[in-house]
Amino acid sequence: MSLVQELRPGRLFLSSLDHDSEIVASITALAESLGVEVGAVSAIGALKRATIGYYDQETHEYRAIEIDRPVEISSLSGNISIRDGKPFLHAHATLADSQGNVRGGHLSSGTVFAAEVFIRELCGRPPTRTHDPTTDLFLWSDGD
Ligand code: ZN
């Protein structure tokens, strides 16, 4: 089940997130408030703490990796598409500690120290996430 969706460039947004906000919820709320249904997201900044996930391909469960110390968001890359009728953020991040060592993976949550977000809206028919029995993940389908 592969999907190719042609979309057109839409609006561009730069936004800073509130200190102490939860990053995944904040970017999702930002997309919703801007009316962005599909888009590409990138961000840099710093988090007070974070939880990243590693998807175990055998057990089909996310393993949580807790990072209970301040880190730099050296890279955050993600996308927005529709799941359950609403904008849904899927983001991965590479987080650097005080020594410059990085850990990374699926970004489950993080407490914002400061963050600068760039959203590129894409216009057209939004891909929709539906349950994929092979991977047990919610992957893109064309909604048919
Ligand atoms: Zn992921």
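This is a predicted model: local features need pLDDT of at least 70, side-chain atom pairs count only at pLDDT 80 or more; totals for chains, interfaces and linings use all residues.
**Zinc site.** Select the zinc ion and show the side chains of His90, His92 and His106. The ion is coordinated by NE2 of His90, NE2 of His92 and ND1 of His106, at 2.1 Å. Along the chain, these donors follow the spacing H-x1-H-x13-H. Now colour by accessibility. Histidine 90 has 24% relative accessibility, so it counts as partly exposed. Histidine 92 also counts as partly exposed, because its relative accessibility is 40%.

**Serine 81.** Next, select serine 81, which lies in strand β4, residues 71-83. Its relative accessibility is 0%, so serine 81 counts as buried. Show tryptophan 140 as well: the two side chains make a polar contact at 2.9 Å. Beyond its neighbours within four places in sequence, serine 81 is in contact with Glu37, Lys86, Pro87, Phe88, Pro127, Arg129 and Trp140.

**Helix α1.** Move to residues 23-34, the twelve residues of helix α1. From first C-alpha to last, the helix reaches 16 Å, close to the 16 Å expected at 1.5 Å a residue. Begin at the N-terminal end, where glutamate 22 caps α1 with a side-chain oxygen 3.1 Å from the backbone nitrogen of valine 24. Then highlight the buried residues of α1: Ile23, Val24, Ser26, Ile27, Thr28, Leu30 and Ala31. What covers them includes β1 (8-17), β2 (39-56), β4, β5 (86-96) and β6 (102-123). Finish on glycine 35, which follows α1 and has a positive phi, near 75 degrees.

Conventions
Residues are numbered from 1 along each chain as its sequence is written. Side-chain values use heavy atoms; hydrogens and water are left out. Donors are N, O and S atoms within 2.8 Å of the metal (3.2 Å for Na, K and Ca); water is not among the atoms, so sites may look incomplete. Buried means under 20% relative accessible area, exposed over 50%, partly exposed in between (1.4 Å probe, protein chains only). Helices (H or I, at least four residues) and strands (E, at least two) are DSSP runs, numbered from the N terminus. A polar contact is a pair of N or O atoms within 3.5 Å; within protein, one must be able to donate a hydrogen and the other to accept it, and residues adjacent in sequence count only if both atoms are side-chain atoms. Contact means heavy atoms within 4.5 Å. The expected span of a helix is 1.5 Å times one less than its number of residues.
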